[in-house]
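The exercises below ask you to work through a protein chain, from single side-chain pairs to the fold as a whole.

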Amino acid sequence: MKLHLTLFLTCSIAILNAQTNYQKPLDTIKLQEITLEHKKNTPERMPEIKENVLFSGKKNEVLQLSNINGNFTTNNAREIFARIPGVTIWENEGSGIQINVAVRGLSPNRSWELNTRQNGYDISSDVFGYPEAYYNPPLEAVETIALVRGGSSLQFGPQFGGMLNYVLKRETKKKFSFETQNTVGSYGLMSAYNAIGGNYEKFSYYVYNHSRSADGWRENSEYTVRNTHAFVAYRFTENTKLSAEYTNMDYKMQQAGGLTDEQFKNDSQQSARERNWFGTPWNVFSLNFDTNISDNFTSNTKLFGLIGERNSVGFTATPNIEDAINPSTNNFANRRVDRDYYKNYGLENRNIYKYKLGKIDNNLAFGVRLYKANTQRLQDGKGTTGSDFDLSIDGRFTRDLDFTTENVALFAENQFKVTEKFSVTPGVRYEYIKNTGEGRFGVNSGNDIAFPDKTVSRSQPLFGLGLEYKFGTTNIYANITQAFRPVLFSDFTPPAVTDVIDPNLKDASGFNADIGYRGNYKNYLNFDFSLFYLSYTNRIGGIRQFVNNDPTQGTFLYRTNLGETVNKGIEGFFNLNITRLFEIEKPYGNLDFFSSVSFIDSRYTDFEVSSATGTAPNVVITETNLSGKRVENAPRYIHNFGLSWSNNNFSATMQYRLSGRIFTDANNTETASANGITGLLDEYRVLDLSTEYKFLKIYNIRAGVNNLKDESYATRRSGGYPGPGILPGEGRTFYLSIGAKL
């Protein structure tokens, strides 16, 4: 590590003389200095109001990606989110097609505990029925990433994790601009990002295409992905603008599957699954209208929609079962095919009204949301015995289900400024959600087993309170806000036809609370330290019961609300600009040391579990409680440490991620199972290095090495897709990228 850092610092200092000496008027020079210093505060925090959203009193971070060195080509979340404390990351494979992140010990599965958005509108399958984000934009196209913790639930929706928003690039200065970034890397990585954009009179536009392919670090993990996006806007007046955008993504990804612990130890790059494939064609679109009704009243309305699919085909047995040719048929086993079709659309209106109480300005944020989504779920189809990405089936799907979600929400938050320094922000959100389900649940002896037509509707008020007190360039903030997680489609659909769903199944509910101190000190220290407490009640699980209360008739699994988990801990971040501290920035550039640390205590406080042993008529049900057990997939700590150096031409960042061990099941099983699905996952340490050199004002060369020390590690175990078993993180890989912006 010392050798690499010394080499990069030496090379960087050697090119200092290439800095421009072009002289400009004094006032212009001051403006440039202010802009440069602002950009280096990464992450930034939201102002009190931005884009008709009220952020006062809420914990939030905004990452300016232009100020971060990282592997944007493969969406390396480990590098990109390093400056935000407490972000858990699942690394299923190295494609970066799906970003799996969470905060505060929640599950990172396709970011489903977060309200995931692009440019402020939804991009997940169904926010209330199936909130998994199978799509995220390529990070080469992203300008900023904003994360607002649980306090966002009043203005954005009830998710426990908060709101994650990817804001795409836009060209605002030129009539025409062209950007290109072309990358090669380990294991056949090839990527091309090309974009055009500009402004002409009242029109503005931005279009990009990103194409990427690779063989993958593991065997049987090749992929191809394409993302295309188009944006156009028309400004009627200085205060009124209409814009539209459309994104299309398509990919085909081979899934290497999971491993047993023995396989992982012997060779984590190996794979025994060459017939497993996954793909999700995705389309998202929005129409956006902004207007200033008066100096004190601004409004934004978004009409948005999504049409997408989730398609998988493969041999889904656990990794200790070989996918082999059957000698009697001379063929492989038939693969399983699952397909989902998603259609959703919505309208969201947000407003800010500014008014005075006495001589002090106050702000009211209010709005409404209308949303409808439909999911058709086709599962357990008898696929081919082949090896390619073939979704054809023999006969019918065993399951053919249709789910619909309808949602109406009203929200309001008011920032009362008690003084110019102290503000109190109470708020309320009202949610009405209606879920319906129908279709075929299974097939028995050729006869359909009907899924009971089910309709669940409920009204849910949420309340919250935020506080903020300013000390110059720093502030103390506190927030407590209710949250809930609606019953998902999977909760209504038990694994076996004999299972029974509680007709009074309730949504999971709870609250987020945090208190912290953040800000900037003398332009060389950027920091945010806080405590948090997250209560997650009415969690859903299954308990064994006797059929008709008779042990001689066997048992069934009863899915109901069983208990509570509590996540609490510390989150901290600081960025220290060492050269500014010692006032040697001008000759030596910017040398920054940053650290994000989090300590997470995530435990069950009450959760009943049961198991059945024996056979009828001698069945015995044993009941226990998980109280005191650690919540699965929640590490006890997540730390990131980094050193970054930059001047006008060159920048380099070396960062080190440390993540604690995790239990992968609620019973806190330490010894790994023979099939690799359960068992403790050890802590891991990963070192990354990324660099960029800019020259002739428009060109850049980027290069980096991920997992520099070639550590063997894993972030998760899976019980199903993307393949049962332990899923290895990638070993050492490199990339080299050349780009230009004209």
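**Exercise 1.** With which residue does Arg149 form a salt bridge, and how far apart are the closest N and O atoms?

*Solution.* Before starting, note that this is a predicted model, in which local features need pLDDT of at least 70 and side-chain atom pairs count only at pLDDT 80 or more, while totals for chains, interfaces and linings use all residues. Residues are numbered from 1 along each chain as its sequence is written, and side-chain values use heavy atoms, with hydrogens and water left out.

Step 1: apply the criterion, by which a salt bridge is a side-chain nitrogen of Lys or Arg within 4 Å of a carboxyl oxygen of Asp or Glu. The partner of Arg149 is Glu571, and their closest N and O atoms are 2.8 Å apart.

Step 2: Arg149 sits in the loop between strand S8 (142-148) and helix H4 (153-156), whereas Glu571 belongs to strand S27 (residues 555-577), so the pair ties together parts that are 422 residues apart in sequence.

Step 3: check the accessibility, with buried meaning under 20% relative accessible area, exposed over 50%, and partly exposed in between (1.4 Å probe, protein chains only). Arg149 counts as buried because its relative accessibility is 1%, and Glu571 counts as buried at 1% as well.

**Exercise 2.** Which residue is the salt-bridge partner of Arg170, and is Arg170 buried or partly exposed?

*Solution.* Step 1: Arg170 pairs with Glu245, with the closest N and O atoms 3.3 Å apart. Arg170 lies in the loop between strand S9 (162-168) and strand S10 (177-185), and Glu245 lies in strand S14 (residues 240-254), so parts 75 residues apart in sequence are tied together.

Step 1: Arg170 has 23% relative accessibility and therefore counts as partly exposed, while Glu245, at 9%, counts as buried.

**Exercise 3.** What is the strand order of the open sheet of 5 strands, and which strands stand at its edges?

*Solution.* Step 1: two strands pair if DSSP finds at least two bridges between them. The order is S3-S8-S9-S6-S7, with mixed pairing.

Step 1: strand S3 (60-64) and strand S7 (121-122) are at the edges, each with a single partner strand, so one side of each is left without a neighbour in the sheet.

Step 2: strand S6 (residues 114-118) and S7 run antiparallel and are joined by 2 bridges, and Gln118 stands opposite Tyr121 in S7.

**Exercise 4.** How many residues has the largest nonpolar core, and which have the most contacts inside it?

*Solution.* Step 1: a nonpolar core is a set of buried Ala, Val, Leu, Ile, Met, Phe, Trp, Tyr and Cys residues joined through side-chain atoms within 4.5 Å. The largest has 64 residues, and Phe81, Val101 and Ile145 have the most contacts inside it. Strand S13 (residues 223-237) gives the most to this core, with 4 residues.

Step 1: list the contacts (heavy atoms within 4.5 Å) of Val101. Not counting residues up to four places away in sequence, Val101 touches several residues, including Phe81, Val87, Ile89, Leu114 and Leu164.

Step 2: another core, of 10 residues, lies apart from the largest one and includes Ile543, Tyr558, Phe607 and Leu626.

**Exercise 5.** How many helices and strands does the chain have, and what share of its residues is buried?

*Solution.* Step 1: the chain has 8 helices and 36 strands.

Step 1: buried residues make up 54% of the 742 residues.

Definitions and conventions
Contact means heavy atoms within 4.5 Å.
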